[in-house]
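Please open the model in the viewer and follow the selections below in order.

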Amino acid sequence: MLYLELLVQGLIYGCMYAIIAVGLTLVYGLLRILHVAHAGLFTLGAYLGLILTNATGSLFLAMVLSGTTVGLVGMAIYRFCYKPILHKPPYVALIASIGLFIAMEEIFRLLFGPYGLTYTKVPLQQTVHFFNMNLRAVDLVIVFGSISMLGVLSWLAQKTRLGIAWRATVDDPQMAESFGVSVQKVRYLNFFIGSALAAMAGIFVSLLSNMAEPTMGGVPSYKALAIIVLGGLGNVGGTLIASIILGIVEAFGTIYVGDFLDRDAIAFAFLIIILMLRPQGLFSRK
Amino acid sequence: MGIYELSLAIIVCINIVLALGLNLITGYCGQISLGHAAFFGIGAYTVGVLAKAGFPSAVCIFAAILMAGFIGIIVGTASLRVRDDFLAITTMGVGFLFLGIIRQQEGLLGGEMGLSGIPTIGFDKPGFLVIAFIAVILCSALSLYIKRSWMGFAFDAVATDEDTAKLLTVDVAAYKLTAFALGTAMAGLAGGLYCYFTRFIMPDDFGFLTSISVLSMVAVGGIGSVPGVIIGTALLTLLPEMSTFLSDYKLLFYGAMLFAVMRFAPEGIAGIGTRVVQIYGRRGDAK
């Protein structure tokens with residue numbers, strides 16, 4: 001029974017990691033940038049979702065509005081921050097992105113206060129019985145919400161003209177461009193979708209802990225970096241599997257090695273071990 | 001100089017030693033490290049534990065340098081397996097791993113509460129400043145010497161194009177490990193001094209933000225340039241202290257500065273300096 005509960009806990013965290021990491025891996029696949037500021041968008045999404053839910057009383061409306069706004073902010077970040085430095089060595093974009101993230105965290109702290117905000121009435125707190133386990137409705141929403149969002153994403157990528165253009169650009173930007181694909185449009189779209197997903201993840205986390213705070217982006221973001229590296233940078237399928245694996249490893253790790261490593265350290269220990277064994281990540285296309 | 005100015009000067013010196021270490025790894029040898037604070041922490045905790053056990057300060061500092069350098073070589077072997085972005089993430093992971101281990105060791109290392117009651121180094125503040133200053137001189141001299149030596153040339157080759165360097169029979173692995181050993185040893189020295197200076201250390205002093213601060217000092221100063229790094233470090237350490245406005249918004253300032261420098265002048269202060277010299281030089285030619 002304990003195993004099953006740990007597995008379900010791992011799955012919930014894994015789904016959350018997956019929707020954060022997918023945006024990150026999309027950006028990496030397209031631009032070869034480690035987009036640390038993605039975590040800032042995650043926090044922004046959580047704040048907007050929480051404030052809008054409190055204001056309108058509808059979680060769904062808040063998610064839609066928050067996702068759209070954060071998506072647009074993500075596009076602005078690409079336009080004003082990354083586009084001008086794409087031709088520079090990779091550490092330039094990485095450091096710029098870290099700087100941007102730190103600045104964003106501070107702006108949230110100054111705007112919304114250092115102690116975080118809470119929901120006036122927390123949605124989805126009903127208890128649901130599921131295979132002898134007591135789960136909260138929010139747990140189920142996270143798992144099924146994430147899976148359906150990723151399902152839609154995969155349908156977009158496989159079946160639509162847009163998705164085909166997007167995959168072509170990831171594979172070979174120059175070839176795609178000479179076949180008439182607008183690389184710029186693809187990149188904007190990419191940032192929009194990735195950032196909107198990060199906002200969803202942010203709202204999920206704020207629902208789990210009934211809180212949105214300035215520093216909430218920190219640890220999940222660094223973990224998301226670990227996940228996309230594990231998944232073989234830029235590989236969407238690998239990223240999803242790596243997210244779930246990491247969620248489960250953490251859930252079991254906190255029980256069995258929690259005495260000498262905390263949750264984050266377990267994640268990174270796992271990352272380092274895997275990378276030393278397979279430097280190209282768990283799932284690499286090469 | 002009052003006590004406050006003395007303390008500031010000491011902190012600047014410690015940060016310069018720390019930043020020069022990262023400059024060796026990232027600036028000279030091109031290996032990005034996002035976990036430099038871990039080695040700073042290893043140095044500090046080594047001194048903390050040994051000093052509390054009663055060892056003389058010279059032994060403690062020496063042990064801190066050795067310990068950080070030794071673990072630096074182990075972590076450096078990661079750079080033989082993974083490159084660029086993968087290495088950045090791996091070293092970041094090392095930083096988190098270090099923190100995770102420290103936090104859970106309540107007996108020896110004080111866990112979340114940190115180590116307190118560390119004995120003094122045996123000098124007063126001005127004496128401490130002299131020691132810290134000597135450390136800066138030694139590390140700068142070593143950095144400048146390496147830059148001009150055959151090793152600096154090899155580092156440059158590894159940083160520019162690893163595969164070509166290997167083809168030209170440069171022993172890439174050995175040079176990478178040397179860069180990590182020297183750079184992390186400097187971080188260990190800085191950590192040891194820091195521990196004796198504050199006499200109270202906590203896990204949070206050596207977290208990811210510290211790694212990023214050091215990286216920003218190097219990047220703002222100019223990656224690979226010793227004078228640039230020294231100026232950048234002094235600037236980023238002192239500016240937040242000089243005005244209360246900046247100290248309230250310290251992190252916002254750091255973040256914005258880091259972003260602005262990378263976005264508009266990726267070569268940092270050293271790059272701006274070179275550009276100014278070039279412009280004036282050209283004017284001189286025209287005459």
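**A tour by selection**

Select A:Asn210 in the loop between α8 (183–209) and α9 (218–230) of chain A. In this predicted model, A:Asn210 has a positive phi of about 50 degrees although it is not a glycine. A:Asn210 is partly exposed, at 24% relative accessibility.

B:Lys176 lies in α10 and B:Glu162 in α9 of chain B, so the pair ties together parts that are 14 residues apart in sequence. B:Lys176 is buried at 2% relative accessible area, and B:Glu162 is buried at 14%.

Return to chain A and select helix α3 (residues 59–82), whose 24 residues reach 32 Å from first C-alpha to last, close to the expected 34 Å. Its buried residues include A:Met63, A:Val70, A:Ile77 and A:Tyr82. The buried residues of α3(A) pack against α1 (2–31), α2 (38–56), α4 (90–112) and α8 of chain A, together with α14 (250–264) of chain B.

Finally, select A:Glu106 and A:Arg109, both in α4 of chain A and three residues apart, about one turn of the helix. Their side chains form a salt bridge of 2.8 Å, N to O. A:Glu106 is buried, at 7% relative accessible area, whereas A:Arg109 is partly exposed, at 27%.

How values were computed:
Residues are numbered from 1 along each chain as its sequence is written. Chains are lettered from A and ligands numbered from 1 in the order in which they are written. This is a predicted model: local features need pLDDT of at least 70, side-chain atom pairs count only at pLDDT 80 or more; totals for chains, interfaces and linings use all residues. Side-chain values use heavy atoms; hydrogens and water are left out. Helices (H or I, at least four residues) and strands (E, at least two) are DSSP runs, numbered from the N terminus. Buried means under 20% relative accessible area, exposed over 50%, partly exposed in between (1.4 Å probe, protein chains only). The expected span of a helix is 1.5 Å times one less than its number of residues. Contact means heavy atoms within 4.5 Å. A salt bridge is a side-chain nitrogen of Lys or Arg within 4 Å of a carboxyl oxygen of Asp or Glu.
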